[in-house]
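Please walk me through this structure, beginning with a single side chain and moving on to helix packing and the nonpolar core.

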Amino acid sequence: MKTFLQPLSAREEREYLERYKEGDQEARAMLINRNMRLVAHVIKKYQGSDYEMEDLLSVGTIGLIKAVNTFDMDKGSRLATYAAKCVENEILMLFRASKKYSKEVSIYDPIGTDKDGETVSLLDVLEVEGKEAIEQVILKQDVKRLYEAYEQDLKDTEKTVIRMRYGLFDSKEYTQREIAGILGISRSYVSRIEKKAVEKLRKKFEQG
């Protein structure tokens, strides 16, 4: 795990929050950077999951960014308290979505035998029930393949942009301009990242 900067004192935190409230983007960056240790602390409890710690750190950082963007210092609590909940929410959304899509089965998997002893697949059953049912299952499998390509083939920044842009893992959909504001980069850079990531997914999907 990386070494992170020490957290801000209560006085420093309030000072940077006030500066950010006035539009100071450097103060925003400081609030994010000086709270990365918190993200690392929250994700430690999820060691041993199906995800690398670097992936969890990337997802948790999105929670931290959202926390900094939406925190109301007038409510009296510390940013760290609010941010910890936001970070954990992002991680749990990731796990829920992963669990959801890991339950899919292949339509060609055998599920039993018929009265003549021949192997019966899910596809055989669905063919009896109608073409529409088959198409629904194939669609679900296509979605699963796209999520697998997302996890295996995209870099962390690409995952972040695609996840936010298309509302993956039950999250909100953002415009390129909104993503640029949240991540502190230009809208054109977000567009380039998105285009490159989508092309990667398209090529992987076509390979089957």
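Tyr-189 has a relative accessibility of 39%. Buried residues lie under 20% and exposed ones over 50%, so Tyr-189 counts as partly exposed. In this predicted model, Tyr-189 belongs to helix α10, which covers residues 187–207. Its C-alpha atom is 9.2 Å from that of Gln-176, a residue 13 positions away along the chain.

Gln-176 also takes part in a helix contact. Two packed helices are described by the angle between their axes and the distance between the axes. For helix α8 (residues 156–166) and helix α9 (residues 176–183), the axes come within 10 Å and cross at roughly 135°. An angle over 145° would count as roughly antiparallel and one of 65° to 115° as roughly perpendicular; α8 and α9 are therefore oblique to each other. Their crossing is right-handed. On the α8 side the contact is made by Thr-160, Val-161, Met-164 and Arg-165, and on the α9 side by Gln-176, Ile-179, Ile-182 and Leu-183. Sorted by class, this contact of α8 with α9 comprises 5 nonpolar, 2 polar and 1 charged residues.

In soluble globular proteins, nonpolar side chains tend to be buried together. The largest nonpolar core here has 51 residues, and those touching the most other members are Leu-31, Val-39, Ile-43, Leu-56, Leu-64, Val-68 and Tyr-150. Helix α4, residues 53–70, gives the most to this core, contributing 9 residues. For Val-39, the contacts beyond four places in sequence are Leu-57, Gly-60, Thr-61, Leu-64 and Val-87.

Note on methods:
Residues numbered from 1 in each chain as written. Predicted model: local features only at pLDDT ≥ 70, side-chain atom pairs only at ≥ 80, totals over all residues. Heavy atoms only, no water. Axes fitted to C-alpha atoms, helices over the stretch in contact; angles between N-to-C directions. Helix = DSSP H or I, 4+ residues; strand = E, 2+ residues; numbered from the N terminus. Parallel < 35°, antiparallel > 145°, perpendicular 65-115°, else oblique. Left-handed = near helix turned anticlockwise from the far one by under 90°. Contact = heavy atoms within 4.5 Å. Nonpolar A, V, L, I, M, F, W, Y, C, P; charged D, E, K, R; others polar. Core = buried A, V, L, I, M, F, W, Y, C linked by side-chain atoms within 4.5 Å. Buried < 20%, exposed > 50% of the residue type's maximum accessible area, 1.4 Å probe, protein only.
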